Amino acid sequence: MMNINIVIRFDKFLVKKYLLWFLFFYLNSGIIQAEPIRLATTTSTDNSGLLQEIIPYFEQKTRNVVHVLSVGTGHALRLGQDGNVDVVLVHAPNAEMHWLEAGYGVNRRSVMVNDFVILGPKNDPAGIRGERNAVKTLQKIARGKHIFVSRGDDSGTHKKEMALWKKARMTPSVTWYRETGQGMGRVLQMADELNAYTISDRATWLVLRSKLSLKLLFEGDPELHNIYSIIAVNPSRYPGINYMGAMSLIAWLTSVDGQNKIRKFKLDGQSLFFPTAILD
Amino acid sequence: MNEPLLVFREIEKSFSGSQILCGVDLSLYPGKCILLSGKNGVGKTTLLKIIAGLEIPDLAKIEISGKTNCWKKAVRSVRKEIIYLHQHPIMFSSTVESNVAYGLRFTSLNRKQRRESVEEALEWTGLTDVAKKQAETLSGGVQQRVAFTRAWILKPKVLLLDEPMANMDHESREQTYQLLVRMKLAGMSLVITSHFMQYFEGIVDQHFQLKNGALELKSKS
Amino acid sequence: MNGLLLTTQQALQLLFTGDSELWSIVLLSFSVSLKAILLTTPFAFLVSFALSHGKFPGIRIILAIFNSLLSVPTVVIGLFLYVLLTRQGPFGDLRLLFTQTAMIIGQMILCFPTLVALGYAAIQAADRRVWETARTLGAPPWFSMLTVFFEVRFALLAAVLTGFGRIISEIGISMMIGGNILGYTRNITTAIAMETSKGEFAQGIALGLVLLLLSFLLTALLSYLQGHKEFTT
């Protein structure tokens, strides 16, 4: 009685399977598992590889689990505002101040700093190599109407870029300005394809530079410094925010151990981030 | 005539506006065979399916041992004793054995009893040789026999056969005739629809014709 | 051109040396999608059966709705679910956002209309006599339904494969409500999106090859089933 027997047995099996899955879901709903710390950070931070290196160390040491969501700065702050994450690590001081004032976060600590660089085609048609400061380079690019590729996505990098345009008292025009709404890696590739200028965080540049024909044309201006801060989401706004977890991550990142780990992180032989929480 | 097993009364059914059955009455007696004739599409199959509980009538009553109930309430218990056989029976995609044993799993027999019952039934209809063969691959005549066996093994009180001899060769018709005789002898009440009254000579006890939604008694033996 | 060849070479290397991060991403895709399809199928086919055999009003409308849901963009479902699952949303307390469970739920919603619509087609194509024979031989309705399912099993399997193909290659839902968290909710499609946004094409291509291979296998399986006798009733 092959087939019909199998169907009956299959039916009982289905019932058991349903029960097992309900059990699985129950387990997965976080009631029984250890609570993870949800960190929202920016794509450029995550892409540098720093977090992949130091977070597992933190997890092991403090026996925590960290879930890293890497999105744009705007999105990261939004996630914190909505209570979907416990802590945010971003690099947009103005946005952060507004965020704190609105009461979304508490206990902001400055963690580290890195810098932005301005990249462009090998032959540098705008002639920005050796220029005195960042604002002047942007002015030259704008006046020469050279193609410039922008993040255009409200990220930390984009906010920095916008602040510089403001300082330069220039409004980019669509004839030469390309707002892509894409991540840093994509933007670099597009700038490469278009032989255009762009502004990038040093980390992404170091990771991709061997694959691009773009060259680093300007660096070093303090205006291009990029300050990273970590902020805990305000626990009084939502019940169940893993505030203790968030604070333990903040504590470690700003501890001697954490700061040293940040300092020691190198990409392509270069140091990328400089710790700022504890000044020697 | 002894006591009827079941009496169906006032069966009414209409499809998309047209009334197919208007107040049909039918009494089923154990060991007796009713022949139903009528034009194609007049509603013979519909009537059989209503009796089998496979179609819902607009109105109907069932009388069991003198007590009348409305169809909806009584059909559940009555359904178990009645089996309907399609004109072209469909085989489940498994062996002949599997097909025959299908209905047994809803009886209270244990595994050993079921196996014995299947063996006995296959012998009864001469299907032992093809027991392990895939039923859909066999000829129409053999499939017909499988369908009979499938029904017979459950010892129903009423068997409804829709055009049982259509598209059969002489030999198959002979075999089917013999099966019907044995079923009658076993006490089953048979209702057969057919155009070919001559094939059923000798077993038919009552002949009705379905015309204009009502049954006309044609002959009675 | 040179760059492309080099990248593909790197991609194949990643695949065959069993790069653990890569294969854990592949495993996650399968785990999530398999669970989603297995959980949805029984209920979806029940609905298909009810639509096929039922005699209640509105069947046509319901079918039309399911057919129109067949090609909903996944980002729309993802966005919709995000709004429901966010902390401030109606189901925020369940804390399901950015979990595998949420991804599974999202994919269940995605494949449900497909399974219902294709299941319905399969059952409609089934010979009505199967149901009638099963019932008249004494099978209760639920068992008769299973018998019908068995008789159209190849068509039903094709429906499941189609549904699976749809959910394993979706990104809109996984990205929005999974969050692409490494080791937790990062699956093939979100990883491809992320790697390419980083400019790391080798990883993206490697994962893409896995997905491509899978879709070839599914298509081949579907063609085989379509040629099978049982499917053509």
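Modeller: Buried area is the accessible area that two parts lose on being put together, summed over both. This is a predicted model.

Biologist: OK, how much area is buried between chain C and chain A?

Modeller: About 3,200 Å². Carbon and sulfur atoms give 59% of that.

Biologist: And how many residues are in contact?

Modeller: On chain C, 30 residues. They are in contact with 38 residues of chain A.

Biologist: How many salt bridges does the rule find across that interface?

Modeller: The rule finds 1. The side chains of A:Glu35 and C:Arg95 meet in a salt bridge, at 3.0 Å from N to O.

Biologist: How many residue pairs are in polar contact there?

Modeller: There are 7 across the interface, with both residues at pLDDT 80 or more.

Biologist: Which elements of chain C give two or more residues to the side that touches chain A?

Modeller: They are α2 (20-53), α5 (100-124), α7 (141-151) and α10 (188-198). The largest share is 5 residues, and α2(C) provides it.

Biologist: How do the residues on that side of chain C divide?

Modeller: Into 16 nonpolar, 8 polar and 6 charged.

Biologist: New topic. Where does A:Thr42 lie?

Modeller: In strand β1 of chain A, which covers residues 37-42.

Biologist: Is A:Thr42 buried or exposed?

Modeller: A:Thr42 is buried, because its relative accessible area is 2% and the cut-off for buried is under 20%.

Conventions:
Residues are numbered from 1 along each chain as its sequence is written. Chains are lettered from A and ligands numbered from 1 in the order in which they are written. This is a predicted model: local features need pLDDT of at least 70, side-chain atom pairs count only at pLDDT 80 or more; totals for chains, interfaces and linings use all residues. Side-chain values use heavy atoms; hydrogens and water are left out. Contact means heavy atoms within 4.5 Å. Buried area is the accessible area (1.4 Å probe) that two parts lose on being put together, summed over both. A salt bridge is a side-chain nitrogen of Lys or Arg within 4 Å of a carboxyl oxygen of Asp or Glu. A polar contact is a pair of N or O atoms within 3.5 Å; within protein, one must be able to donate a hydrogen and the other to accept it, and residues adjacent in sequence count only if both atoms are side-chain atoms. Helices (H or I, at least four residues) and strands (E, at least two) are DSSP runs, numbered from the N terminus. Ala, Val, Leu, Ile, Met, Phe, Trp, Tyr, Cys and Pro count as nonpolar, Asp, Glu, Lys and Arg as charged, and the others, Gly among them, as polar. Buried means under 20% relative accessible area, exposed over 50%, partly exposed in between (1.4 Å probe, protein chains only).
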